[in-house]
Amino acid sequence: MTVLPYADALAAYDPVLGLEVHVELNTTSKMFCGCSTAFGAEPNTQVCPVCLGLPGSLPAVNAKAVESAIRIGLALNCTIAEWCRFARKNYFYPDMPKNYQISQYDEPIAYDGWTEVVLDGEIYRIGIERAHMEEDTGKSLHVGGATGRIHGADYSLLDYNRSGVPLIEIVTKPVEGTGAKAPEVARAYVTMLRDLLRTLGVSDVRMEQGSLRCDANVSLRPVGRSTFGTRTETKNVNSLRSVERAVRYEITRQAAILASGGRVTQETRHWHEDSGITTPGRNKETAEDYRYFPEPDLVPIAPSREWVEELHATLPEPPTARLKRVRAEWGFSELEMRDVVSAGAVNAIEATVAAGATPQSARKWWLTEIARHANEEGVDLEAVGVTPQQVAEIQALVENGTINDKLARQVFEGVIAGEGSPAEVVTARKLAIVSDEGALAAAVNEAINANPDIVDKIKSGKVQATGALIGSVMKQMRGQADAARVREMILEKIG
Amino acid sequence: MALTAEDVANLARLARIELSEAELEVLAPQLDVILESVARVSDVAAQDIPPTSHALPLTNVFREDELRASLSREQVLAGAPAAEQMRFRVPKILGEEA
């Protein structure tokens, strides 16, 4: 497959994105029946006549799923429909035992919203076309064939545990004007959505388990043109990193076709994580071919304005707004905040500040000492083994002069090694700064007597040479001295 | 608007029903009669009568988010054309290019 180098692609073409995210709700029971939605159960143990599509069975709408759908819509600044219906989307595929999926068509429960993502300090506003309710399909396992994929498979095995799990599809409006940042904006959007949905508590949002799935629509148009080019829809994008990679790949692939005078085919494509490319997927029927019609087995949904208002009033603070707020409260620069966010330290810093530390000291410890341990062990900051409370205690010990920053690192090591609380580590490792003036004076004298040449330099005005003497004193004190006090004593003595 | 044999062939394809040329020729005019009959509804539907999809004047019929017993796997797979690894075994996905 020919691709154009990314920079060349962007010099000639302007990418337009459209992102469709499917999120499985974490309700206890399915969308239209009382079967469990729990992930990972033995195949076909969480199914009943309704989600198997047996004749005579009737769906019944899960109230909690509707509530979650409305909350998601509100969090994305959507209008909530005063009245809407479910619709049947007709198609034949073994993962859909009814031969239709209950979805919503031209009457989504939430529509016309917007959200924001922050990338490298810049805010991108993303329009939301709609968020609608539907049910998930079963899971196929393709058996035989060389690749294990559909192509070449001899037959398929179906597990319907997932069939009927409540699903919300969130569709953006065309995302324009992102230029070369398009792949990163796509990733930032899905990341933001994941955080938002987690904050709302409506989904497990685990991409690796398929409870959050993304389809990425990409089209290119010559720079300066306003009409959209032909788009492709890439499926099977199952990690945040893949979202960025798949969009980037499609841009370079489509650019190569356009640059050589060809035309992009409107199609569904399949993302391959291992090889980092997309290939044409199954040719789905076009929208008219699904023969949508209002679901006769379910009556319309008309959320009362009181209910919507009540749900609106109890929405948690959105992630982007929260970041803005804490940055202002903590007085961090854009750059500092960006580092904190990319290190995943926002929660930890918030908890450390709540435990009494200053924001800057909390930031310092989480992004240096603790981040270093996290990197070495390949774990998240929270898994290193230091609590926000302990970080605040260590910082308090620095501020009251018991230890200095250098000694604090040893305290962190002790705490991480499980030697006890910060105070216990200081005692056990004998890390407290020596405040005995007599001992300090003796060490200062020793340093001065041993380094007459440095003393001469200081006397001749080279004050920066004091550093060497301070180092000598600190060495004698095994680091357990207040460097500022040592400097004072040296200058008093010489000056 | 008369339904053509071509229209019926397309519907048959979407519904996975195999129809011969002769059957298409017979069905097209028959389906056309049905469509025309239903279309007569629009003769009586005035501006003040909104389109409706349900006979019952109900909205918001919900069920609480509570578990109900699922079927046993034996019951579930009893209706399967074939089963393997506790799953329904079906022919290679329909309409897929090999």
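In the predicted model, strand E7 of chain A is joined by seven bridges to strand E10 (residues 166-172) of chain A, and the two run antiparallel. Within this pairing, A:His132 has A:Glu169 of E10(A) as its bridge partner. E7(A), which covers residues 122-135, also runs antiparallel to strand E6 (residues 110-119) of chain A, to which nine bridges join it. A:Leu119 is placed opposite A:Glu122 of E7(A). Two residues lie between the strands of the E6(A)-E7(A) hairpin, in which A:Asp120 adopts a positive phi near 50 degrees.

Eleven of the 13 residues are buried, so H2(A) is largely enclosed by the rest of the structure. Among these buried residues are A:Lys64 and A:Arg71, together with A:Val66, A:Ile70, A:Ile72 and A:Leu74. Just after the helix, A:Asn77 takes a positive phi of about 55 degrees.

The contact between the chains involves 44 residues from chain A and 34 residues from chain B. On the side of chain A that touches chain B, strand E2 (61-62), H2 and strand E9 (155-159) each give two or more residues. The most is given by E9(A), with five residues. By residue class, this side of chain A consists of 24 nonpolar, twelve polar and eight charged residues. Strand pairing also links the chains: E2(A) and strand E1 (residues 62-63) of chain B pair in the parallel sense over two bridges, with A:Val61 opposite B:Phe62 of E1(B).

Definitions and conventions. Residues are numbered from 1 along each chain as its sequence is written. Chains are lettered from A and ligands numbered from 1 in the order in which they are written. This is a predicted model: local features need pLDDT of at least 70, side-chain atom pairs count only at pLDDT 80 or more; totals for chains, interfaces and linings use all residues. A residue is buried if 20 or more other C-beta atoms lie within 10 Å of its own, exposed if 12 or fewer, and partly exposed in between; C-beta atoms are placed from the backbone. Helices (H or I, at least four residues) and strands (E, at least two) are DSSP runs, numbered from the N terminus. Two strands pair if DSSP finds at least two bridges between them. Two residues are in contact if their C-beta atoms, placed from the backbone, lie within 7 Å. Ala, Val, Leu, Ile, Met, Phe, Trp, Tyr, Cys and Pro count as nonpolar, Asp, Glu, Lys and Arg as charged, and the others, Gly among them, as polar.
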